[in-house]
Amino acid sequence: SFGHRLEGQTEDGRTTIAITPARDGVEYRLFDASYDNVTIRPAEVTAANRASGVAVEVLVKGSFPDSCSELHEVDQQRAGNLILVTLTMRRPQGGVCASVLRPYRYYVDLDGNYIPGSYSMKLNDVSHPFVVNTPVAN
């Protein structure tokens with residue numbers, strides 16, 4: 001659910017990570033981050049926040065392909081109900097890296113607020129539709 005974030009290594013063997021700055025003096029090769037699945041989690045819409053919209057977070061689960069790769073940056077663009085997200089990885093050029101899968105989880109807060117409706121988030125050119133639900137009347 002929205003806001004519930006697991007830290008460290010979890011039961012599924014994934015480590016929660018954050019993007020860290022690149023090391024000075026190291027040249028990197030950049031490429032689209034690989035991922036296994038995405039969970040899009042809007043905050044709860046209430047009568048009080050329905051008009052202004054709610055925050056949306058995305059849980060990305062994936063695996064690094066080797067011992068050297070790491071997340072580099074996340075870039076977002078929004079045009080109405082379409083959100084374009086690019087998540088890139090970096091790997092030192094010329095580095096010798098063990099070929100081992102390293103499972104990770106990464107949380108992305110989408111920019112802006114979202115009113116009830118249907119949306120499409122494209123993460124590295126793969127579409128992930130989601131809905132921000134209208135609150136249920138009591």
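A disulfide here means a pair of cysteine sulfur atoms within 2.5 Å. By that rule, Cys68 and Cys97 are joined by a disulfide, with an S to S distance of 2.0 Å. Keep in mind that this is a predicted model.

**The disulfide**

- The structure has one disulfide, and Cys68 and Cys97 are its two partners.
- The torsion about their S-S bond comes out at about -110 degrees, so this disulfide is left-handed.
- Cys68 sits in the loop between strand E4 (56-64) and strand E5 (70-79), while Cys97 sits in the loop between strand E6 (82-92) and strand E7 (102-109), so the bond ties together parts that are 29 residues apart in sequence.
- Cys97 counts as buried because its relative accessibility is 16%, and the cut-off for buried is under 20%.

- You'll find Ser127 in strand E9, which covers residues 126-132.
- Is Ser127 buried, exposed or partly exposed? Its relative accessibility is 42%, so Ser127 counts as partly exposed; that label goes to values between the 20% and 50% cut-offs.
- Leaving aside residues up to four places away in sequence, Ser127 touches Ser120, Met121 and Lys122.
- With Ser120 there's also a polar contact: the side chains of Ser127 and Ser120 are joined by one of 2.8 Å.
- As for Asp109, it is 18 residues from Ser127 in sequence and 17 Å away in space, going C-alpha to C-alpha.

Notes:
Residues numbered from 1 in each chain as written. Predicted model: local features only at pLDDT ≥ 70, side-chain atom pairs only at ≥ 80, totals over all residues. Heavy atoms only, no water. Helix = DSSP H or I, 4+ residues; strand = E, 2+ residues; numbered from the N terminus. Buried < 20%, exposed > 50% of the residue type's maximum accessible area, 1.4 Å probe, protein only. Contact = heavy atoms within 4.5 Å. Polar contact = N/O pair within 3.5 Å; in protein donor to acceptor, adjacent residues only side chain to side chain.
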